[in-house]
Amino acid sequence: MDLVYENSDFIRSTTSSIDKRSRYKGQKTPKKEVALHKWAKVLLIVLSVCLVIALGGVCTLAVLLAHATHFNVSDQDNNATDYKEQFDTLHSQHEETLRKLNRLNPSTGCALCAVHWIHSGGKCYYFSTVKMNWTQSRDHCVSLGGHLVIINSQAEQDFLTSKVKVTHWIGLNDLETEGHWVWVNNQPLNDSVEFWIKRENGVREPDNWTKDHPAGEDCASLGHAAGETDFWTDAFCFQKKNFVCEAAAAV
């Protein structure tokens, strides 16, 4: 009987120990699971932060690339503008150099005409870019070192008319005596070298038109306001026109 009681006590003791271990074991499992969840959350947060930083870096690189591309395009545009301006400047200098070379005397290498004057047939000609009346034109030519052009030949007439598209004053007038045409050097007009307009109806220049002004037309010009420039017309001296100056070429 004592043996039976002893075995029963042993079984109860063993069972109690097993139950205790089971309880202890059951209590430790939830703690590990909680720790695992915490680490998963931390890792997820870290990955999220890294992803945000990575996205920010990509966006920053994209912005920098866009700015770099914009600057490159702007630089290219500026360079293209600079090259065009440089080309235009060089082209102008080239043309001016050619004009200067054309004015040089082949034998001496010296300039035959001043700047903005054109050499032809041993003379220099200046074609104005402004308009003045006949008296002002005459005086302006003198201030430039020349005089209003005096036309002495068909070749000279052809040269002048090839250079003008609108009417220009020339150095011929009959201001002192009506019908007595003289050049600005006081030499009378040579009837064998004159280029007055001859119209089909027989009416020709000079006609001293007085309808618009009683004093009449006392100054000569290449062509008239209608645009024809191959011949001479008499005109009112107070009208403003372009003009042609003449000076002797250097020798």
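Which side chain meets Lys198 in a salt bridge? I looked this up to open my notebook.

**Entry 1: ground rules.** I am reading a predicted model, where local features need pLDDT of at least 70, side-chain atom pairs count only at pLDDT 80 or more, and totals for chains, interfaces and linings use all residues. I number residues from 1 along each chain as its sequence is written, and I use heavy atoms for side-chain values, leaving out hydrogens and water.

**Entry 2: Glu194 and its partners.** I found that Lys198 pairs with Glu194, at 4.0 Å from N to O. My rule for a salt bridge is a side-chain nitrogen of Lys or Arg within 4 Å of a carboxyl oxygen of Asp or Glu. Lys198 counts as exposed, with 52% relative accessibility. I call a residue buried under 20% relative accessible area, exposed over 50%, and partly exposed in between (1.4 Å probe, protein chains only). Glu194 also meets Arg204 in a salt bridge, at 3.6 Å from N to O. Arg204 is partly exposed, at 35% relative accessibility.

**Entry 3: Glu156 and Lys123.** Next I checked Glu156, which forms a salt bridge with Lys123; their closest N and O atoms are 3.2 Å apart. Glu156 sits in helix 3 (residues 154-163) and Lys123 in strand 2 (residues 123-127), so this pair ties together parts 33 residues apart in sequence. For these elements I take DSSP runs, numbered from the N terminus: helices are H or I with at least four residues, strands E with at least two. Both Glu156 and Lys123 are buried.

**Entry 4: the tally.** I count 5 salt bridges by this rule.
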